[in-house]
Structure formats: C-alpha cells, structure tokens
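I opened the notebook to record what I looked up in this structure.

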Amino acid sequence: NKLSGVIPSYKNLPNLYYILLSGNDFTNIGTFENLPTLRYLYIHDNDIGRGGGGAIKIPDFTDCPSLKYLSGYNNNFKGYEKGSFEGLTSIKSIDFSNNTELPTSAVDNIFKDLKTNWENANRGGVSVNLGQCKPPSDAVVEDEIAFLKSKGWSITTA
C-alpha cells in the first residue's frame, strides 16, 4: 500500500488480534497499550527509524501479554525500551533482524529481558532472530544467550 508516516498508536482495543503493517514506508511508530488479545504484530519491511524518524527504539509491548509473533525486521531501530519483552510470556517468535544500527547495549538488554521472560514462564521452543544487528557482548553470550539456548530457545545473532 506504500503507507507512510507514523504507525499510529493502538490502545484500548480488547478484541484486536492481528496487525499487519509490513511492506510499507512507515518511518516512525506509536505505542501499543491495553491490547490484551493481540497475538500477531507484523511491522517488518518498513523504514522505521530512517529519514526524519530519528533514533527510534523498539517500543514497549508490556500491554500486549498475549503476543505470540512479533516481526520488525528490515527497519532501522536504534534502541530498545528496557522491559519491553519481559512480560511476553506467550511469545513464540521475535524477529528484529537486519536492524543494522541496533546497538550492542540494546541487544544485551533484549536478551536480559528475555531471560527474565523465561523465568516468568519457563518454556522452550521460542525463536529469537537478531541477525545483522550489532553483536551482543561476550558476557550476554555466555550468560543469557547460553541459558536460553539450554532451555530450548533458538537464537540467531550477528
């Protein structure tokens, strides 16, 4: 559709189940609040963070507790809201690959939050793809990533 501008904020939509906004020209992203049944969020293949978007962070998804599939690859996110993935205890797949400006500090915080996520709802079979982002620190590779892999998570980095 070549939609552009800001992905609008979504809030107080108790029956919203699926958002598909991939393959457009969005350069910024709003917030996601009180979306208790949202399961699928696809915002990949946009221009989020490019152009006039500035230093856009991966937003907070704590108000989306039922989220299973989160896809934001091929954008230009430059940060991560600490705590955003901690409460996603239903998550099965997170893909923010090819966000080449996502710094090591953000990648480290994602994996620290995901370890807390596992501690809140220990389960295997989760896939996390952060390939073509900045690599995680050695400490995070040795602690959080090794831990999650030992619990049956599939992790892709660098």
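Is S105 buried, partly exposed or exposed? I looked it up: S105 is partly exposed because its relative accessibility is 48%, where buried means under 20% relative accessible area, exposed means over 50%, and partly exposed is in between (1.4 Å probe, protein chains only).

Basis of the entries. The model is predicted, so I took local features only at pLDDT of at least 70 and side-chain atom pairs only at pLDDT 80 or more, while totals for chains, interfaces and linings use all residues. Residues are numbered from 1 along each chain as its sequence is written, and side-chain values use heavy atoms, with hydrogens and water left out.

Entry on S105 and α1. I placed S105 in helix α1; helices (H or I, at least four residues) and strands (E, at least two) are DSSP runs, numbered from the N terminus. From S105 I went to P135, which is 30 residues away in sequence and 9.3 Å away in space, C-alpha to C-alpha. Helix α1 covers residues 104-120 and lies across β10 (93-95), β11 (127-130) and β12, at about 170° to β11. For that angle, axes are lines fitted to C-alpha atoms, for helices over the stretch in contact, and angles run from 0 to 180 degrees between N-to-C directions. Contact means heavy atoms within 4.5 Å.

Entry on the sheet. I traced an open sheet of six strands in the order β3-β6-β8-β10-β11-β12, with parallel pairing. Two strands pair if DSSP finds at least two bridges between them. Its edge strands are β3 (18-20) and β12 (154-157), each pairing on one side only. From one strand to the next the twist averages 5°.

Entry on aromatic rings. How many aromatic pairs does a search of the whole structure find? I got twelve. Rings of Phe, Tyr and Trp (its six-membered ring) pair if their centres lie within 6.5 Å; planes under 30 degrees apart count as stacked, over 60 as edge-to-face and the rest as tilted. I recorded Y40 and Y69 as stacked because their ring centres are 5.3 Å apart and their planes are at 5°. That pair links distant parts of the chain, with Y40 in β6 and Y69 in β8 (residues 69-71), 29 residues apart. Y69 is partly exposed, at 28% relative accessible area.

I then looked at F61 and F85, another stacked pair, at 6.3 Å centre to centre and 25° between the planes. F61 is in the loop between β7 (57-58) and β8, and F85 is in the loop between β9 (79-80) and β10, 24 residues apart. F61 is buried at 0% relative accessibility, and F85 is buried with a relative accessible area of 0%. Both belong to one aromatic cluster made of Y10, F32, F61, F77, Y80, F85 and F96.

Entry on the core. Which residues touch the most other members of the largest nonpolar core? They are F61, F85 and F111, in a core of 41 residues. A nonpolar core is a set of buried Ala, Val, Leu, Ile, Met, Phe, Trp, Tyr and Cys residues joined through side-chain atoms within 4.5 Å. Two or more residues each come from β4 (25-29), α1, β11 and α2 (138-150), and α1 gives the largest share, six residues. Beyond its neighbours within four places in sequence, F85 contacts residues including I94, I110, L114 and N117.

Entry on loops. I found P36 in the loop between β5 (32-33) and β6, partly exposed at 31% relative accessibility. P36 and L67 are 31 residues apart in sequence and 8.4 Å apart in space, C-alpha to C-alpha. I also checked Q132, in the loop between β11 and α2: its phi is near 60°, positive in a residue other than glycine.
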